[in-house]
Structure formats: C-alpha cells, structure tokens
Amino acid sequence: MPDNATSKPGHNTNRPELKAPGMAQLLPALTAGGCNAIIIISVEISFAAMIFSGSISSFISRGTGILLLGTFLIGLVTALKSSHPNSVGLVQDAPVAILAAPLAGIAASMGPVQGGGTAVFYTLVFAMASSSLIVGLLMLLMARFKLGNLVRFIPYPVIGGFLAGIGWLLLKGGIGVMAQAPTSLGALGGLFAQATMIKWLPGMGFALVLFWMLRKWSHFLILPGMVLGGILLFFAGLKLTGTSFSQAEALGWFLGPFPKGALWKPIPLSALGQVRWDLILSMGLPMITIFVIASISLLLNASGLELSSKTDIDLNREIKTAGFANLLASLAGSPSGYMTMSLSALSHKLSPGNRLSGIFLTCMLGIALILGPSIVSVFPRPLAGSMLVLIGIDMVWDWAWTSRTRLPLTDYAMILVILVVIAAFGFLQGVGLGIVIAVVLFVVNYSQISIIRAVTSGRHFQSNVERSVPQRWILDRQGDQLLIFKLQGFIFFGTANQLRTRIQDKVAAKGKSRIQYLIFDFSKVSGCDSSAMNSFERMLQFADTQNISLVFVNVAPGITARFNTAGLQGKHLHILPDLDQGMEWCENQMLKAAASSSRKDQVLDATFDQMVQALDQMEAFESLVQEMAPYLDKQPIIPAHPLVHDEQASPGIYLIESGQVALLLETEEKLQLRLQTTGKGSVIETSSDLSRQGIYVIGATKGNALFLSAEKLTQLEKEAPELATQLFKLMVQGLSDRLSRSHALIRDFS
C-alpha cells in the first residue's frame with residue numbers, strides 16, 4: 001500500500017503492552033483484521049494480475065496464491081515480532097511494480113510454449129523468490145550493523161521521483177490489467193478503441209471516485225465498503241444487462257477461468273532443472289533497486305505510524321523483522337514486502353495496542369488460500385485493475401503534484417524529470433538519472449561553499465615565540481609577505497580549484513609588495529579526494545614560478561598519504577606539524593632575509609625608543625628580582641625537561657631569570673600544541689589545575705627560573721607591599737600584550 005510519511009523516526013523501544021484477550025479486545029481485533037483482509041486480498045489479486053498478464057495470464061490463480069501466501073508469512077512475522085503491536089505487513093506495491101517489467105521481459109524471451117509453459121512459470125517464481133531472498137539478507141545485514149539511518153543519505157527528491165515513478169507503473173499496470181492490452185507509448189492508440197475503452201474506463205472512473213472520497217473523508221470503512229460495493233454493483237450490472245456469468249467470463253470481465261485446486265502448490269524439486277538461471281542473474285540491478293526502495297519505504301512507513309499512533313518504534317528491530325519475513329516469503333516464491341503504514345494505522349485506530357488484530361488478519365488470509373480459486377475466479381477484472389490505478393494515482397498525486405508546495409523548485413523539478421524518464425524509458429533509467437542529477441546538484445551546491453574559513457596575514461598573527469624588539473618590528477613591517485588560510489570541509493576538485501584561483505588573485509593583487517609565504521591550515525579539513533591533488537599540483541607549480549613557499553600545517557595522516565601518493569613535493573613545499581611551528585619557520589626565513597640586507601641601521605633607528613623601553617623594563621625586572629631574592633627559590637631550566645612536574649604543581653609564580661621556556665597544551669588526541677615560548681623577564685603563574693587542563697611548561701634553552709610560592713607571595717604582600725605591587729604591574733603588562741595579540745587574531749579569524 002502507498003505510504004508517504006516523511007517524519008523522522010524515533011529510536012526508543014517503549015511499546016504498548018499486549019492486552020489480555022477478552023471480548024473487549026476480540027471484537028475490535030476481529031473488525032480490524034476483517035477490514036484489512038478485504039483490502040489486502042483485493043490488492044494482492046491486483047498485483048498478481050499485473051505480474052501474470054498477457055501470454056502468462058493462465059497463471060494468475062497460482063500467482064495469486066503465491067502472493068497471498070507471501071503476505072500471510074510476512075503478516076504473521078510482522079504481527080508477532082514488530083516493535084509496534086498493530087503493525088501490518090504484506091507484499092508491497094513497489095517491489096511488484098519494479099519486478100513487473102523485467103518479469104514480462106523474461107516471459108517474452110522464453111516463450112510460453114517451452115515445457116508447456118511451466119518453465120516460464122518456474123523461472124518467474126524463482127526470480128521473485130530471489131528478489132525476496134536478497135532483500136531479506138541485506139535487511140538482516142543492515143539490522144546487524146544498526147544501519148537503520150543509512151538510507152536517509154539518499155536525497156529526498158530522488159526518493160520522491162522513485163515513488164512517483166512507481167505510482168506511474170502501478171497506474172499503467174492497472175489499465176493494462178483491465179484492458180488486457182499493451183500500455184506502452186506506442187500502443188496508446190489501441191487503448192482508445194471503443195471495444196477496449198469499455199473494459200478500462202469503468203474501472204478508471206471507479207478508482208477516481210474512490211480517490212476523491214478518500215481524500216475528502218478519512219473514515220476507515222470507506223475503502224472496504226467501496227470494494228464490497230463495487231463487487232455488488234458489478235454483478236448488478238450483469239443482471240440488468242442480462243449477461244450470464246459464463247458470457248462475462250468469456251468476454252474477459254473476470255480474472256478466471258482457473259483450473260480447480262489450491263491457490264498455492266509447492267514447487268517440485270524437478271522445477272530447478274527448468275529454471276533459466278541466466279535470466280534471473282540478469283535481474284541483479286532491479287533486485288538491488290527493490291532492496292533500496294523497500295528499506296526507504298519501510299523506514300518512512302515506520303515514521304508515519306510512529307507519528308500517527310504516538311508510539312515509539314525501534315527502526316533496527318523493524319528492519320530485522322522485515323528481513324526475517326522476506327526470507328520466509330522467498331520460500332513461498334513471493335515478491336518482497338514489509339510494514340504498511342495506512343493499514344497499520346487503521347488497525348491501531350480500531351484495536352490499539354492489540355496484536356490479535358494482525359493474527360486474525362493472517363488467519364483470514366489463510367482461509368482465502370484454503371478456499372482456492374473460487375475467490376479469485378469471481379473477482380471482477382475492472383475492480384482488480386482499479387485497485388492498482390487507485391494506488392498509482394495516490395502516489396503520483398502526492399509526489400508529482402502535492403510536493404510542489406513543500407519543496408524548492410529544483411527539488412520539485414527533479415521529481416518531475418525522474419517521473420518523465422521512468423514513463424518514457426523505464427524505471428532503471430529514471431533511477432540512474434535521478435542519482436546522477438542529485439550528485440551533480442550536490443557537487444555544484446557544495447562547490448559554492450568556500451573552503452576558506454578565514455584569512456589573515458603575518459602582520460596580525462605571529463607565532464608564540466618571544467622575539468626581540470627589532471625582530472618584532474621586522475615581522476610587523478614584513479608581515480604582509482605572509483598569508484595564512486584556515487581551510488574547512490571536504491576538499492574536492494571544485495573547491496580545490498576555487499582555492500587555487502583565490503591564491504592567484506591574491507598574489508596578483510599584491511603587485512610589487514609581493515607575497516612570499518602561504519600557510520594552509522588543514523585542522524578543520526575532513527578529507528580530500530584524489531582529483532583535488534591536481535589543483536594542489538598546479539598551485540605548487542605556480543608557487544615555483546613566483547618563488548613562493550607553501551607551508552601545509554595540521555595535515556591529517558590520510559591527507560598526507562594522498563599527497564605522497566600523488567607525488568606532491570618540491571623545494572617550495574613544506575609540511576609542518578602545527579600552525580605555530582609553521583609560523584615560526586616562515587618568521588625565521590623573513591628574519592634571516594632581513595639580517596642579510598643592508599637595512600640594519602633603519603631597523604635600529606626605527607626601534608631605538610622601543611629598545612630603550614625594553615631595556616628599562618628588563619632593568620626594572622632585574623632590580624625587582626634582586627630585591628625579592630629572600631622570597632625566591634632558584635630552579636634550573638633544562639631543555640626538553642618539565643619546569644613544573646605534576647607532583648610539584650603547587651600554586652606560585654615563576655620569574656624567568658635566563659634562558660627560555662615553552663608552554664605546551666596536550667590535546668585529547670595526545671598532540672602537543674605550543675601556546676607560548678618566552679624568555680628572560682617573563683612571569684608565569686602556575687597552579688595545581690595546570691596538569692588537569694593538559695598545560696605544562698618545559699625548558700626550551702638552558703637557564704634559570706625563580707619560584708615564588710603562594711606562601712611566600714602572601715608573606716611578600718605583608719612585609720614589602722611595594723614589591724608585590726611592582727610584581728603585579730609586571731604581570732598585568734604581560735597579560736595586556738597577550739590580550740592585544742588575541743584581539744587581532746579573533747578579528748582576522750572570525
């Protein structure tokens with residue numbers, strides 16, 4: 001049954017408890033089971049007529065038995081094992097619609113006369129069984145790895161196009177069942193011949209009236225009542241026209257005549273020798289398509305039932321249940337099936353929280369199987385076709401018309417394109433085109449998203465290495481020679497080419513004050529494809545011609561492996577662990593180039609006042625340290641050794657007397673990031689929280705540090721408050737410098 005619910009499913013497993021059977025539960029369960037049985041039997045007869053039509057129409061009786069037995073097994077497993085007590089499972093419309101065309105092709109290629117026609121029948125049955133087997137196994141595999149949400153990665157308009165196409169196939173199949181004539185585009189003229197129109201127009205009119213009534217009113221008795229009323233009206237018409245049953249049967253108004261015997265008969269082992277396995281193997285793609293559509297439809301139906309019944313449903317359990325049900329259905333030779341939302345909602349409305357409704361439904365299907373062909377032989381052909389037309393119109397209307405108000409124009413246009421291709425060329429062609437369109441639109445839309453998260457220059461962002469006043473002046477003046485690009489997202493050929501074009505434009509815009517260093521930060525890059533390597537190679541070629549150094553930092557191992565596989569290397573390419581080390585390398589190159597130039601006097605003149613100020617600050621620091629000597633404990637600084645051990649991480653202040661230390665941050669991934677490198681005159685406050693935050697201090701060069709403990713600081717504040725004030729001023733000055741640098745960084749990287 002067509003169910004087009006689109007709400008998101010939940011993942012909890014709270015389910016209504018099975019009520020103790022009693023009269024209050026038995027009567028609603030019988031009513032729900034009876035209403036659903038009438039609908040399901042008429043629908044499955046219609047499906048059998050759609051599959052076994054034309055030259056193999058003599059097998060409609062056995063085909064109906066196969067579909068009813070498949071529905072019996074699927075319904076029983078669903079009723080007993082579903083996470084929702086009112087779930088109803090049956091052989092569904094989408095698998096039948098997808099199978100109909102390739103099965104007709106198999107019958108046409110074999111010819112109805114081989115083996116008295118039984119070879120064709122057995123081949124078709126094993127083809128249907130194989131599709132259910134594949135669907136069942138793949139669904140169990142999905143449930144095993146809890147992949148219930150995987151199908152949500154398929155674009156919504158592609159799903160809509162698929163379902164609209166299935167609706168078209170059902171609509172066309174229903175007309176074919178009624179007209180007993182081809183429904184291809186080339187045979188449309190024959191459908192409008194007077195003798196043929198009489199066969200399908202009444203059923204079409206009945207389907208349209210029923211479609212209108214179901215859209216206008218939602219009472220649960222409308223559909224079963226109209227089916228029974230349609231049968232009575234048909235026989236009343238025969239009575240009024242004086243047409244006997246045998247005459248109507250000869251004119252093709254019934255699905256019969258059928259041979260006597262049970263609707264379903266076991267397939268003998270000797271049938272294996274008559275099966276054309278090569279033709280079944282050629283149906284691999286349609287079978288995989290059935291699995292994809294069945295999985296999507298099952299999840300959508302479960303979502304709709306969850307919403308309508310306000311009951312949580314376990315999606316992975318539903319997939320597992322459908323998997324087992326389809327394995328059993330394959331033993332009967334039936335097409336695949338799964339939960340239907342509409343009939344499940346009807347069961348919930350009539351008998352909420354009661355599994356007996358599903359059990360009674362399967363019992364009635366079993367009775368229909370036992371009664372044999374008598375049920376099928378008296379079923380009017382126009383009514384069977386009208387059920388297919390009704391389902392088809394409902395699906396086409398929902399996806400090809402109603403969806404226009406809730407989807408963007410491009411998504412709605414994609415649905416229409418897929419529908420037209422399916423109608424004109426076939427289901428698989430429409431499916432393939434839909435996937436291609438979705439991929440192209442994704443690539444186009446994603447390539448419009450910039451992979452450049454932020455851009456700044458070396459003037460505003462520098463490494464955490466403490467520099468002298470002349471060095472800072474040089475880096476400030478020459479900082480525009482360095483650009484830093486923070487990248488983001490997934491890099492592929494479209495976005496990589498966008499990056500290369502942006503770089504070339506930046507370099508061209510600089511003119512004489514040219515760029516010499518480009519740093520690319522990959523810390524927010526999730527990955528890249530092999531096609532992006534071509535853009536990086538061209539970028540490196542451009543850097544070689546312009547004598548620009550490319551520095552890649554924070555490159556994940558997977559991306560580094562792609563660089564190595566592509567042979568991306570050269571004298572102008574440098575890959576360093578993190579952004580701070582990349583900045584330090586570029587700054588060292590700029591300072592080295594400045595030292596070899598003839599601008600030393602200019603640097604000294606420009607920084608004279610700042611150097612005097614720095615000397616005054618250093619003199620004040622040395623004087624402060626000398627006066628605080630009684631309160632300080634000397635500790636040597638050893639390169640690569642911790643200055644503060646975890647067991648010594650007591651609150652206090654370190655004053656760096658000589659040498660350099662580095663503050664490091666250890667991330668959850670055990671990566672060490674340098675926060676700052678500082679030297680003589682610096683003040684570092686420590687506490688017991690440092691190790692818990694993953695921050696520790698190590699020696700960078702040899703030297704000495706002076707430690708002021710928290711107890712000595714308290715003593716200093718009492719005995720020499722003026723010295724404590726000078727210390728605090730020094731700490732505030734250092735904090736102010738760090739805040740100024742952070743503000744520039746936030747401004748450029750926000």
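Modeller: Buried means under 20% relative accessible area, exposed over 50%, and partly exposed in between, with a 1.4 Å probe and protein chains only. This is a predicted model, in which local features need pLDDT of at least 70, side-chain atom pairs count only at pLDDT 80 or more, and totals for chains, interfaces and linings use all residues. Residues are numbered from 1 along each chain as its sequence is written, and side-chain values use heavy atoms, with hydrogens and water left out.

Colleague: Is Cys586 buried or exposed?

Modeller: The relative accessible area of Cys586 is 0%. The limit for the buried class is under 20%. Cys586 therefore counts as buried.

Colleague: How many disulfides does a search of the whole structure find?

Modeller: A disulfide is taken here as a pair of cysteine sulfur atoms within 2.5 Å. With that criterion, the search of the whole structure gives a count of zero.

Colleague: What percentage of the 750 residues is buried?

Modeller: Cys528, at 7% relative accessibility, is one of the buried residues. Across the 750 residues of the protein, the buried share is 50%.

Colleague: Which residues touch the most other members of the largest nonpolar core?

Modeller: A nonpolar core is a set of buried Ala, Val, Leu, Ile, Met, Phe, Trp, Tyr and Cys residues joined through side-chain atoms within 4.5 Å. The largest such core has 127 residues, and those touching the most other members are Phe52, Leu103, Ile166 and Leu170.

Colleague: How many residues are in the second, separate core?

Modeller: Its members include Leu487, Ala496, Phe536 and Val555. The size of this second core is 31 residues.
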